[in-house]
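Subject: Handing over a structure

Dear colleague,

I am passing on a structure for you to look through, and below it you will find what turned up in it. Please keep the structure open while you read.

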Amino acid sequence: MNTLSRVFPMPVHSVMLLIVWLMINSSIGFGHILLGAILGIAIPLLCAPLRVPQPAIKKPIKALLYILLVLKDIVVANIQVAFLVMGPLRRINPGFVAVPLDLPDELPITVLASTVTMTPGTVSGEVSKDKKWLYVHVLDMPENEQEVIDLIKQRYESRVKEIFGC
């Protein structure tokens, strides 16, 4: 590790801390710049030992396409949920399903769980302690719960695996 990376273990965070400090104080006076710079260096240095290594995004273009897919799914699911909720309540068939996970790291699991939660009609309830299962609440459970599992695994998990190179 070179000297510069020892002083600035997270340079982007350091700059952001300085900017936030100046914005909070609504001042670009020398004292605020100096104190913001000191905090921008000290806080990342103090937090560096607490960092947990996360997998890097291996395919950023795929990540961008994934974001666009999720945005489209959110719009479509909002419309579907609106029709479902505005119709007779007896049509709603809620339930839980356990989705087996093939993702090894916490960040990809978090991305998948967040995607499921952001899509109306589904909510990630919990990840099992062994990180092998994602428990999902579904607003309208189909007759065969395998349909939900297949949708999550094929539409989202496979893409997340590809993005992170799992």
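Ser26 is exposed, with a relative accessible area of 68%, where exposed means over 50%, buried means under 20% and partly exposed lies in between, using a 1.4 Å probe and protein chains only. Ser26 also has a positive phi of about 50°, although it is not a glycine, and it sits in the loop between helix H2 (11–25) and helix H3 (30–47). Helices (H or I, at least four residues) and strands (E, at least two) are DSSP runs, numbered from the N terminus.

Before going further, please note that this is a predicted model, in which local features need pLDDT of at least 70 and side-chain atom pairs count only at pLDDT 80 or more, while totals for chains, interfaces and linings use all residues. Residues are numbered from 1 along each chain as its sequence is written, and side-chain values use heavy atoms, with hydrogens and water left out.

The sheet comes next. Three strands form an open sheet in the order E1-E3-E2, with antiparallel pairing, and two strands are said to pair if DSSP finds at least two bridges between them. Strand E1 (95–100) and strand E2 (122–127) are the edge strands, each pairing on one side only, and from one strand to the next the twist averages 30°. Five bridges join E2 to strand E3 (residues 133–138), and Thr122 has Val138 in E3 as its bridge partner.

E2 and E3 form a hairpin with five residues between them. In that turn, Lys131 has a positive phi of about 60° although it is not a glycine, and, at 32% relative accessibility, Lys131 counts as partly exposed.

Helix H5 (residues 106–118) lies across E2 and E3, running at about 145° to E2, whereas helix H6 (residues 146–164) lies across E1 and E3, running at about 50° to E1.

How do the axes of helix H4 and H5 cross? The axes of helix H4 (residues 60–86) and H5 come within 10 Å and cross at roughly 25°, which makes H4 roughly parallel to H5, since angles under 35 degrees count as roughly parallel, over 145 as roughly antiparallel, 65 to 115 as roughly perpendicular and the rest as oblique. Tyr66, Val70 and Ile74 in H4 meet Val111, Thr115 and Met118 in H5, where contact means heavy atoms within 4.5 Å.

Finally, there is one aromatic pair, by a rule in which rings of Phe, Tyr and Trp (its six-membered ring) pair if their centres lie within 6.5 Å, with planes under 30 degrees apart counted as stacked, over 60 as edge-to-face and the rest as tilted. Tyr66 and Tyr156 form this edge-to-face pair, 6.3 Å centre to centre with 90° between the planes. Tyr66 lies in helix H4 and Tyr156 in helix H6, so the pair ties together parts that are 90 residues apart in sequence. Both Tyr66 and Tyr156 are buried.

Note on methods:
Axes fitted to C-alpha atoms, helices over the stretch in contact; angles between N-to-C directions.
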